[in-house]
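Here is a short briefing on one structure. Look it over first, then read the points below by topic.

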Amino acid sequence: MSITLSDAELRQRAWDAASQVVDPEIPVLTIADLGVLRDVAVHDGCVEVVITPTYSGCPAMNMIALEIELALEREGIHRPKIRTVLSPAWTTDWMSEAGRRKLREYGIAPPPAAGSRRALFGEQEVACPQCGSHNTELLSEFGSTSCKALWRCRNCREPFDYFKCH
């Protein structure tokens, strides 16, 4: 016996499946946590998932698209369309608070929320994810991946990645 889902039910089922896909570079974050998952739509019974990379040329996007397809197929949603959109450009403002918390717990300093001091004065203040100190310094604009920078805490002396603001 086959169950027919409404477009709204199919959309929600697809959203739920896609939102569980993790970022291959930061496996504690889902693409929903990151704000990379932008939309899921149903057109004539076909599912389309819209994603936006954290920056154009992000090497993880092909893997993310494949993982979304696999997640949807496991849910019985066949031949989904994955569409990558670059405009509007992704921003760290799209990250969830849960995503920021997960980054911090994983040892990566999260970007500040939209209304941060940096947004007002152009100052970058990064808290150490190990000890919480704001006595930190930038070592390199390039970290372990292109979306991160390398910082060091002057108090505990530990180096750490910082998820760059976009």
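At 38% relative accessibility, Leu 70 counts as partly exposed; buried means under 20% relative accessible area, exposed over 50%, and partly exposed in between (1.4 Å probe, protein chains only). This is a predicted model: local features need pLDDT of at least 70, side-chain atom pairs count only at pLDDT 80 or more, and totals for chains, interfaces and linings use all residues. Residues are numbered from 1 along each chain as its sequence is written, and side-chain values use heavy atoms, with hydrogens and water left out.

- Leu 70 sits in helix α3 (residues 61-74). Helices (H or I, at least four residues) and strands (E, at least two) are DSSP runs, numbered from the N terminus.

- Glu 75 lies in the loop between α3 and β3 (81-84).
- Glu 75 is partly exposed, at 34% relative accessibility.
- Setting aside residues up to four places away in sequence, Glu 75 touches Arg 13 and Ala 17. Contact means heavy atoms within 4.5 Å.
- Ala 14 is 61 residues from Glu 75 in sequence, and the two are 7.8 Å apart in space, C-alpha to C-alpha.

**Helix α4**

- Gly 99, Arg 100 and Leu 103 are buried in helix α4 (residues 97-106).
- Seen down the axis of α4, its buried residues fall within an arc of 100 degrees, so they line one face of the helix. The arc is that of the directions from the helix axis to the C-beta atoms.
- Cover for the buried residues of α4 includes α2 (31-34), β4 (108-109) and β7 (159-163).
- Glu 97 and Glu 105 are exposed on the other side of α4.
- Gly 107 follows α4, and its phi is positive, near 100 degrees.

**Cysteines**

- The structure holds 0 disulfides; a disulfide is a pair of cysteine sulfur atoms within 2.5 Å.
- The cysteine sulfur closest to that of Cys 156 is in Cys 153, 3.7 Å away, too far for a bond.
- Cys 156 is partly exposed at 29% relative accessibility.
- Cys 46 is partly exposed at 47% relative accessibility.
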